[in-house]
Amino acid sequence: MQKRVEDYLPLTHTTFYILLALVTPLHGYGIMQKVEEMSDGEVRLGPGTLYGALSKLEKQQLIEKVNGGERRKNYVLTVLGKKVVKREYNRLKRLVVNSNAIIRNLGDGEFEQKGF
Amino acid sequence: MNKRVFKLFFVWQDESEEQWLSSMAEKGWIFKKYMLFYYIFEKKSPANYLYKLDYRTNYSNFKSYQALFEEAGWKYVTSYLGWHYFRGKKAEVFTEELYSDQDSLIGKYRRVLQTLLTVLLAILVLNIPPLFYVPKHIQWYLLLLPVLSIILFVLAIILIQKKIKRVSETKML
């Protein structure tokens, strides 16, 4: 049976960042650096984690190999991968938008600190 | 100069094994190879190495697996029955652990568990026929080894499951 885009959601923290990093072709270490940069240093991927995630995402056809050598492989998002990452973004955005007013009314100081 | 050291680590003691290899490197014994309870070390100058073990039995391409770890600062040392040994220097590795999130670390121990269950099943299946065909008075001798290994595998399965539980209760990403 054909899997629907929603069937891949929700994505883990790690998977979401890896997919975001792969809007342009990158190899392993490039992905690690880009994810670290995008997450302001919060997410540093271990090689075991990244290898497992890349194998899984490739099997799910969310990413594919491009013009790499035998050892050093470059990956990029597929059309399906783009759809999945966009759908996840919309899902997260809806959560944030829908909860925004309520969270604001809680009057926690953390809101301002994080620059919202 | 090489030396061979006999040392027994059980499958659930991967972290102790990592620490032991590091402590050997501090004394200048650099781990090279593992063969059935024997560790081969080479004498070099003392070094501060982190050692990490990964467990994986299927990969589309072993070279690209190795290459990814090397890009992250981990030198591939050797493999034994699905266990892969990597070493790195604290200042040079991208992360001090091979796994940076809970799901993937649990995944490693699930793969170990899968292998243990498969082997346990094989031992059980292979030892059922002798129960029927072997005369009673020698059955005991014949079954001693299988029974001991079954106990060991069951213990390993319980302890790996405990490990998975511990990891899932640890706060990670």
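Six bridges join β4(B) to β6 (residues 83–88) of chain B, and the two strands run antiparallel. This is a predicted model. One bridge can be picked out by its residues: B:D54 has B:H84 in β6(B) as its partner.

These strands belong to an open sheet of three, in the order β4-β6-β5 of chain B. Its pairing is antiparallel. β4 (50–55) and β5 (75–80) of chain B are the edge strands, each pairing on one side only. From one strand to the next, the twist averages 25°.

α2(B) lies across β4, β5 and β6 of chain B. Its direction is about 135° to β5(B).

α3(B) lies across β4 and β6 of chain B. This helix runs at about 55° to β4(B).

## The sheet of β1, β2 and β3

Chain B has another open sheet of three strands, with the order β1-β3-β2. Here too the pairing is antiparallel. The edges are β1 (2–6) and β2 (29–35) of chain B, and each of them pairs on one side only. Neighbouring strands are turned by 30° against each other on average, with direction ignored. As a general point, strands of a sheet pair through backbone hydrogen bonds, either parallel or antiparallel.

How many bridges link β1(B) to β3(B)? There are five, and the strands run antiparallel. Within this pairing, B:K3 has B:F41 of β3(B) as its bridge partner. B:Y34 is partnered by B:Y39 in β3(B). B:K33 stands opposite B:I40 of the β3(B) strand.

## A helix on that sheet

Which helix lies across β1, β2 and β3 of chain B? It is α1 (residues 14–26) of chain B. This helix runs at about 25° to β3(B).

## The hairpin turn and a cis bond

β2(B) and β3(B) form a hairpin with two residues between the strands. B:L36 is found in the loop between these strands of chain B. Its phi is near 40°, a positive value in a residue other than glycine. Most residues other than glycine have a negative phi, and most peptide bonds are trans.

The bond from A:L9 to A:P10 is cis, with omega near -10°. A:P10 sits in the segment before α1 (13–21) of chain A.

## Chain B as a whole

Chain B has four helices and six strands. From the N terminus on, its elements run β-α-β-β-β-α-β-β-α-α. The C-alpha trace of chain B spans about 60 × 45 × 30 Å along its principal axes.

## Where the chains meet

The interface between the chains can be described by residues and by area. In chain B, 24 residues are in contact with 24 residues of chain A. The size of an interface is often given as the accessible area lost when the parts come together. Chain B and chain A bury about 2200 Å² between them. Carbon and sulfur atoms account for 57% of that area. Ten residue pairs are in polar contact between chain B and chain A, counting pairs with both residues at pLDDT 80 or more. The count of salt bridges between the chains is zero.

Which helices of chain B each supply at least two residues of the side that touches chain A? They are α2 (62–71) and α3 (102–133). The largest share, eight residues, comes from α2(B). The residues on this side of chain B divide into eleven nonpolar, six polar and seven charged.

Key
Residues are numbered from 1 along each chain as its sequence is written. Chains are lettered from A and ligands numbered from 1 in the order in which they are written. This is a predicted model: local features need pLDDT of at least 70, side-chain atom pairs count only at pLDDT 80 or more; totals for chains, interfaces and linings use all residues. Side-chain values use heavy atoms; hydrogens and water are left out. Contact means heavy atoms within 4.5 Å. Buried area is the accessible area (1.4 Å probe) that two parts lose on being put together, summed over both. A salt bridge is a side-chain nitrogen of Lys or Arg within 4 Å of a carboxyl oxygen of Asp or Glu. A polar contact is a pair of N or O atoms within 3.5 Å; within protein, one must be able to donate a hydrogen and the other to accept it, and residues adjacent in sequence count only if both atoms are side-chain atoms. Ala, Val, Leu, Ile, Met, Phe, Trp, Tyr, Cys and Pro count as nonpolar, Asp, Glu, Lys and Arg as charged, and the others, Gly among them, as polar. Two strands pair if DSSP finds at least two bridges between them. Axes are lines fitted to C-alpha atoms, for helices over the stretch in contact, and angles run from 0 to 180 degrees between N-to-C directions.
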